Amino acid sequence: MERRSIGAGSLTVGAIGLGCMPMSWGYAPSRRRGEESLRTLHTALDLGANLLDTADVYGPYTNELVLGRVLRERRSDAFVSAKVGLRAGEQHVVADGRPGYVRRACDASLRRLRTDVIDLYQLHRVDPDVPVEETWGAMAELVAAGKVRALGFCALGAAAGPGAGRIGDRGYRSTVRHLERAQQVFPVSAVQAELSVWSPEAAWQLLPWCAARGVGLLAAMPLGSGFLTGTLRPGAGFEPEDARARHPRFTAEAMAANQVLVAGLRRVASRHGPQVTAAQVALAWVLAQGPHVVPVPGADRAHWAAENARAAEVRLTAADLAEIAGLPAAVGAWD
């Protein structure tokens, strides 16, 4: 697989990563299978999709434990991306950026992951009660201690308001301010943000900031939480614990209206051969946004991880990109 550089070229990873969250958190609980999760991880590593993205809050904790079983055998094959800054309470998730908590959380993640070092440690959310400089400074101390190789920053989702336009999307301006403050303390190697055909806002505001500084952009949810694969049927519904069950972009009406996006991706895929899928075109579009962009699609099945990895071989033409750019904006709020 093609390799891509993030963090001013000091870190290299496969062009496609693997989001591990669906294996234990966020989506349908009935689909979670421990042994299948292990097969998925091994398949991704076999195909060069070596960036494995996890977080202590996924589960909580169980996602890191699953990765630890694979890392025990294949640590040298993997690039481990973990996160800190969110703590699971009884009823909800809260931000916690206190330096003492950051240090304890890192040690706990290292134990669960069965590794001595985390390749990329990301701040999952900024704690509104703790200056970002204090949290980032504690994370920088972990680099100095040899527990972490580089630091990343997760951007809070930024949906553009009505009429906001490409420059005015409201959420990422706050993220950029936090990034500028963190950068004064210790270099930011990567920023993770949602980026996909139906949520392209990060390409308009965050990507220029990253490109100007040699910072990698990890594209979260590049398949639109599964929608852009074309495998979700409008009206089929979701399990109550699935986050999509409560999301306005996944109502039956919105999903039906947004089928035009999947149809467009399928048209482009058909020009690249019968084996190319809409999902692979969606990932290829993300890859085409810049040389330091790495899509991190989530997967909890080995065959999906394999399909995603093969998207690195799809090269979209200028005509393909123009056709995708001409697709209508997605229907449904995305706040």
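Predicted model: local features only at pLDDT ≥ 70, side-chain atom pairs only at ≥ 80, totals over all residues.

Let me begin with helix α2, which bends by about 25 degrees at G68, where the bend at a residue is the angle between axes fitted to the seven residues ending there and the seven starting there. Helices (H or I, at least four residues) and strands (E, at least two) are DSSP runs, numbered from the N terminus. Residues are numbered from 1 along each chain as its sequence is written, and side-chain values use heavy atoms, with hydrogens and water left out.

Helix α2 covers residues 62-74, and its 13 residues reach 19 Å from the first C-alpha to the last, close to the 18 Å expected at 1.5 Å a residue; the expected span is 1.5 Å times one less than the number of residues. Several of its residues are buried, including V66, L67, G68 and L71, and buried means under 20% relative accessible area, with exposed over 50% and partly exposed in between (1.4 Å probe, protein chains only). The buried residues of α2 pack against α1 (34-46), β4 (51-53), β5 and α3, contact here meaning heavy atoms within 4.5 Å.

Now to the sheet. Eight strands form an open sheet with parallel pairing, in the order β3-β4-β5-β8-β9-β10-β11-β12, and two strands count as paired if DSSP finds at least two bridges between them. The edges are taken by β3 (18-19) and β12 (293-296), each with a single partner strand, so one side of each has no neighbour in the sheet. As one example of pairing, β5 (residues 79-84) and β8 (residues 118-123) are joined in the parallel sense over four bridges, and V84 stands opposite L123 in β8.

Which strands does helix α4 lie across? Helix α4 (residues 132-144) lies across β5, β8 and β9 (148-154), and runs at about 155 degrees to β9; axes are lines fitted to C-alpha atoms, for helices over the stretch in contact, and angles run from 0 to 180 degrees between N-to-C directions. Helix α6 (residues 201-213) also packs on the sheet, where it touches β10 (190-194), β11 (216-220) and β12, and its direction makes about 175 degrees with that of β10. In α6 there is a kink of about 45 degrees at L207, shortly before the proline P208, and among the buried residues of α6 are L206, L207 and W209. Just after α6, G214 takes a positive phi of about 70 degrees.

My last topic is charge. The structure holds 20 salt bridges, each being a side-chain nitrogen of Lys or Arg within 4 Å of a carboxyl oxygen of Asp or Glu. One of them joins D107 and K147, with the closest N and O atoms 2.8 Å apart; D107 sits in helix α3 (residues 99-113) and K147 in the loop between α4 and β9, 40 residues apart. In another, R181 and E133 meet at 2.8 Å, N to O, and because R181 lies in helix α5 (residues 170-183) and E133 in helix α4, this pair ties together parts 48 residues apart in sequence.

Are D242 and R244, finally, buried or exposed? Both D242 and R244 are buried, and their side chains meet in a salt bridge of 2.9 Å, N to O.
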